[in-house]
Amino acid sequence: MSSAFSHDRLVECFAAVFPGLDAAQIRGASADSVEGWDSIALATLVATVEEQFDVTISPDCYADLDSFEAFARKLEEMR
Amino acid sequence: MKLREALQLLNARSSGGAAPYAVHLVTGFEPLHLKTFLAAHLSQCLAAQGDPRTVDVRTGLYGDFGGNWSRAIEEAGTVPVAAVLEWADLHPAMGWREAALSASWDQGEALSEIESRLRAWLILLREAGPGRRFLALPALPLPPWVQRGLDGQSSSFELELRALVAQFARDAARAGARVAASCPTAAWDAGKELSTGFPFTLEFASELAERLARLILPATPKKGIVTDLDRTLWRGVVGDDGPSAVSWDLDRKARVHGWWQQFLASMGKQGVLIGVASKNDREPVEQALARHDLLVPTDSIFPLEVNWGDKAASIRRIAAAWNIGLDSIVFVDDNQLELEEVRQALPEVECILFPADDPAAVAAALFRLRDLFGKESISSDDLLRVATLRQRATVAQELGDIPQAGGGSEERYAALGSRIRLDCRRPPEARVLELINKTNQFNLNGRRWEESCWLAWCRRPEARVALVGYEDRFGPLGNIAAVAAECAGEELHVRSWVMSCRAFSRRIEYSTLHFLLARWPCKRILFDWRRTERNGPMQQALHLLFDELPQDGILEIAPDALRSRLPRQHAFLVNVLDNV
């Protein structure tokens with residue numbers, strides 16, 4: 001999985017959960033900057049990412065997944 | 001459906017300003033992805049019905065199934081209520097997430113509590129009266145700490161518990177709820193239940209949501225099956241092996257063909273039309289179909305298209321003989337090439353492979369077919385269908401190709417001996433809504449009514465409904481037409497008017513108007529007219545009544561003007577039922 005490829009697919013996951021954001025906004029998205037980033041949105045993001053990348057993210061990590069970058073880092077770690 | 005696809009589908013929907021389609025989703029767990037999937041599958045069902053509305057899934061409080069159930073049923077009105085019950089909703093000790101098991105846990109007391117709880121929910125359901133309720137039964141595993149037994153044994157507690165739930169489901173179904181069939185997919189995601197409160201795997205959630213959506217917004221059932229013969233209805237090639245050598249029994253390793261015959265027989269009993277499209281010589285086919293050990297009654301098969309032409313042409317002729325649209329037909333064949341040719345030529349026809357060499361795949365195909373033809377109940381009118389189609393062929397032969405606009409010999413119409421019954425009782429028979437919601441060709445506007453809206457409309461004092469029954473010298477056609485109108489002041493406003501295609505060529509539509517004008521006196525008649533892609537026969541009738549094909553909209557005509565344009569009546573009104 002190349003990094004660029006993974007980022008594009010991650011952008012698609014974010015776009016599904018936050019349809020109001022464009023790709024540039026998604027890449028800079030965080031829990032603080034995005035309205036509607038709550039526990040439900042996080043659970044939906046995690047499930048979408050797990051489904052899209054065929055991975056299982058430990059619940060222990062959920063609290064750290066507070067931005068697009070954090071998701072990208074996590075996926076890189078899981079490669 | 002993947003979760004991302006569900007989200008994308010919902011993001012892409014736009015209601016165009018219409019109020020969303022609302023549904024209550026009752027759960028005790030966090031509904032999270034089930035809510036998303038339910039909205040997405042309902043959106044797909046709405047889109048398939050040409051309805052542009054978005055979906056609003058209303059949920060309740062976490063951990064309060066009983067309260068959510070009660071509030072949803074009380075608030076629902078015409079809004080459907082879909083409840084997904086889990087063990088934890090019956091007793092907190094049966095949940096995986098909450099630490100609720102006390103030292104004093106007693107199975108007998110727990111069962112007693114559960115029974116009381118289920119009874120209370122059932123009473124709520126019954127007391128709320130008519131409504132649209134849907135129920136899914138527990139799918140998660142029971143925690144091992146609430147039961148004991150030998151290795152591999154179902155505990156007596158579990159058996160008692162399941163019996164209570166089954167009884168609740170049965171009684172809820174008797175009270176009008178529809179209970180979802182169980183899903184074979186693994187239900188439980190233990191990690192997600194603990195971390196998010198949502199207990200299901202995504203695959204299960206999607207499958208359950210799809211089942212609920214199909215119950216809430218059922219597709220119009222298909223009407224006819226066209227089956228191939230060699231390697232489908234039987235094992236072998238009848239032209240080569242001979243009529244006595246083709247088989248469908250276990251001894252000759254042909255039992256899957258016996259399944260297919262039994263399935264067709266059961267479909268025939270439900271009024272589904274069964275025809276044959278086969279590339280063969282006719283004589284050996286007729287001999288094989290005359291065999292006494294055939295499991296499908298030969299008289300339920302009509303027509304037989306046995307020739308060496310292409311099957312798409314055969315299916316077209318069968319559709320014409322049945323007088324139904326191609327999109328109401330399913331074609332089943334063992335040959336991928338034949339299926340592909342039909343798919344190309346007739347994309348409206350649903351084509352299903354009969355995988356004769358794979359029993360599990362045959363069984364799966366049968367389940368799929370059962371769903372395509374799924375109906376909640378079978379009316380006597382369904383059972384009359386095959387017989388009346390044969391009659392129709394005879395009538396058409398006798399009367400010639402009569403245009404719906406009313407041509408044909410008056411003597412021949414008179415010789416039919418048409419007799420009409422009107423059932424204007426309220427609440428109307430369920431057959432009225434069934435006719436309105438499934439008829440395409442003779443349909444005033446293609447309007448489909450949701451059951452709850454229909455029942456609410458029927459309760460209005462100005463509502464008038466007529467179910468039209470018919471018979472003639474060829475036999476009864478059953479209840480074949482319906483009119484729903486509002487009678488207010490001097491106006492009669494016809495909202496829906498439909499007639500089964502089985503009843504064409506007999507002037508029943510004009511007789512219906514003739515008799516209803518006498519029954520529902522008024523000074524102006526209004527019709528909610530809308531041209532659809534498929535209501536050509538209605539267009540012909542309106543052309544006759546209005547001297548030209550009117551534009552879409554509300555058509556107005558005076559009763560005398562309408563009477564003067566009706567073709568001559570030969571039908572007798574033999575019975576009227578009314579309680580208004």
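B:Thr78 sits in the loop between α3 (65–76) and β3 (81–84) of chain B. That's one stop on a quick tour of this predicted model, which scores ipTM 0.91 and pTM 0.74. Chain B has a mean pLDDT of 90, and together with chain A it buries about 1,200 Å². Across all chains, the structure holds 48 salt bridges. Here's the rundown by topic.

**Around B:Thr78**

- With a relative accessible area of 36%, B:Thr78 is partly exposed.
- Setting aside neighbours within four places in sequence, B:Thr78 is in contact with B:Ser452, B:Cys453 and B:Ala456.
- B:Cys351 is another matter: 273 residues separate B:Thr78 from B:Cys351 along the chain, and their C-alpha atoms are 36 Å apart.

**Confidence**

- In chain B, 95% of the residues reach a pLDDT of 70 or more.
- The stretch to watch is residues 401–407 of chain B, where the pLDDT is below 50.
- Even so, that stretch has 19 contacts in the model beyond near neighbours in sequence.

**Where chain B meets chain A**

- On the chain B side, 13 residues are in contact, and they touch 16 residues of chain A.
- Of the area buried between chain B and chain A, 62% is on carbon and sulfur atoms.
- The polar side of the interface comes to seven residue pairs in polar contact, counting pairs with both residues at pLDDT 80 or more.
- Three helices of chain B each supply at least two residues to the side that touches chain A: α1 (3–12), α2 (32–48) and α7 (190–196).
- α1(B) gives the most to that side, with five residues.
- By class, the side of chain B that touches chain A has four nonpolar, five polar and four charged residues.

**Salt bridges across the interface**

- Two salt bridges turn up across the interface of chain B and chain A.
- One of the salt bridges in the structure pairs A:Glu50 with B:Lys192, with the closest N and O atoms 2.7 Å apart.
- A:Glu50 and B:Lys192 are both buried.
- Of the 48 salt bridges over all chains, this is one where the partners come from separate places: A:Glu50 lies in helix α3 (residues 39–53) of chain A and B:Lys192 in helix α7 of chain B, so the pair joins two chains.

- B:Glu207 is placed in helix α8 of chain B, and its side chain meets that of B:Arg211 in a salt bridge (3.6 Å, N to O).
- Why are B:Glu207 and B:Arg211 separated by about one helical turn? Because the two are four residues apart in helix α8 (residues 202–216) of chain B.
- The two partners fall into separate burial classes: B:Glu207 is buried, at a relative accessible area of 18%, while B:Arg211 is partly exposed, at 26%.

- B:Asp327 and B:Arg534 form a salt bridge, their closest N and O atoms being 2.6 Å apart.

**A salt-bridge network in chain B**

- Five residues of chain B are tied together in a network of salt bridges: B:Arg460, B:Glu462, B:Glu486, B:Arg495 and B:Asp528.

**Around B:Ser500**

- B:Ser500 lies in the loop between β15 (491–499) and α19 (508–519) of chain B.
- Is B:Ser500 buried or exposed? At 10% relative accessibility, B:Ser500 counts as buried.
- Apart from residues up to four places away in sequence, B:Ser500 touches B:Leu435 and B:Ile480.

Notes
Residues numbered from 1 in each chain as written. Chains lettered and ligands numbered in written order. Heavy atoms only, no water. Contact = heavy atoms within 4.5 Å. Buried area = accessible area lost by both parts, 1.4 Å probe. Salt bridge = Lys/Arg side-chain N within 4 Å of Asp/Glu carboxyl O. Polar contact = N/O pair within 3.5 Å; in protein donor to acceptor, adjacent residues only side chain to side chain. Nonpolar A, V, L, I, M, F, W, Y, C, P; charged D, E, K, R; others polar. Buried < 20%, exposed > 50% of the residue type's maximum accessible area, 1.4 Å probe, protein only. pLDDT = per-residue confidence, 0-100.
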